[in-house]
Amino acid sequence: IYYNEYKSYLRMESEKVDNIDTVSDSNDTSSLTGTTVEANTGDKEGNEKLAKVSHELFDKLSSYIQTELSGTKDTYALLQELNEITLNQYRDLSHSTSQIKDNLKDLEIKYKLLLPYLEQINQIGK
């Protein structure tokens, strides 16, 4: 949503800047955020509009980037939390399977100890 609004805003501001008539005069040159705007003394209002529009543009761009970074930071924090939860669940599962393995070994040993008695019971039953 922000991106589409921002693109629309940039398009409108670009049209405003395109509509500002700049006249070149070698005696009066001003620099504005890396872009050189040349104007004569009669076109100060155009320069002021350009400066205002440029300032608004950079403010909104800064706000947009901060919002995007904040969203990315929140997503990263959520991902870290999910990874921690998953790690704990796998740790619990590993512990449970280890216990089951140990219990099965104990049952196997008990079965081997009972096997001679079970064979005696089978022979008595025949």
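Of the 126 residues of the protein, 10% count as buried, where buried means under 20% relative accessible area, exposed over 50% and partly exposed in between (1.4 Å probe, protein chains only). This is a predicted model, in which local features need pLDDT of at least 70 and side-chain atom pairs count only at pLDDT 80 or more, while totals for chains, interfaces and linings use all residues. Residues are numbered from 1 along each chain as its sequence is written, and side-chain values use heavy atoms, with hydrogens and water left out.

**Overall architecture**
- The protein has 2 helices and 2 strands; helices (H or I, at least four residues) and strands (E, at least two) are DSSP runs, numbered from the N terminus.
- Read from the N terminus on, the order of the elements is α-β-β-α.

**Helix α2**
- Gly46, Asn47, Leu50, Val53, Ser54 and Tyr64 are buried in α2.
- A kink of about 40 degrees is found in α2 at Leu115, shortly before the proline Pro116; the bend at a residue is the angle between axes fitted to the seven residues ending there and the seven starting there.

**Nonpolar surface patch**
- Tyr111, Leu114, Leu115, Tyr117, Leu118 and Ile121 form a nonpolar patch on the surface, with about 610 Å² of accessible area together.
- Patches are made of residues with over 30% relative accessible area and no salt bridge; like charges are joined within 9 Å, and nonpolar side chains (Val, Leu, Ile, Met, Phe, Trp, Tyr) within 5 Å.
- Leu114 lies in helix α2 (residues 44–125), and Leu114 counts as partly exposed because its relative accessibility is 49%.

**Salt bridge**
- A search of the whole structure finds 1 salt bridge, defined as a side-chain nitrogen of Lys or Arg within 4 Å of a carboxyl oxygen of Asp or Glu.
- Lys112 forms a salt bridge with Glu108, and the closest N and O atoms are 3.7 Å apart.
- Both Lys112 and Glu108 lie in helix α2, 4 residues apart, about one turn of the helix.
- Lys112 counts as exposed because its relative accessibility is 55%, whereas Glu108, at 44%, is partly exposed.

How values were computed. Accessible areas come from the Shrake-Rupley method with a 1.4 Å probe; for residues, only the protein chains shown count as cover.
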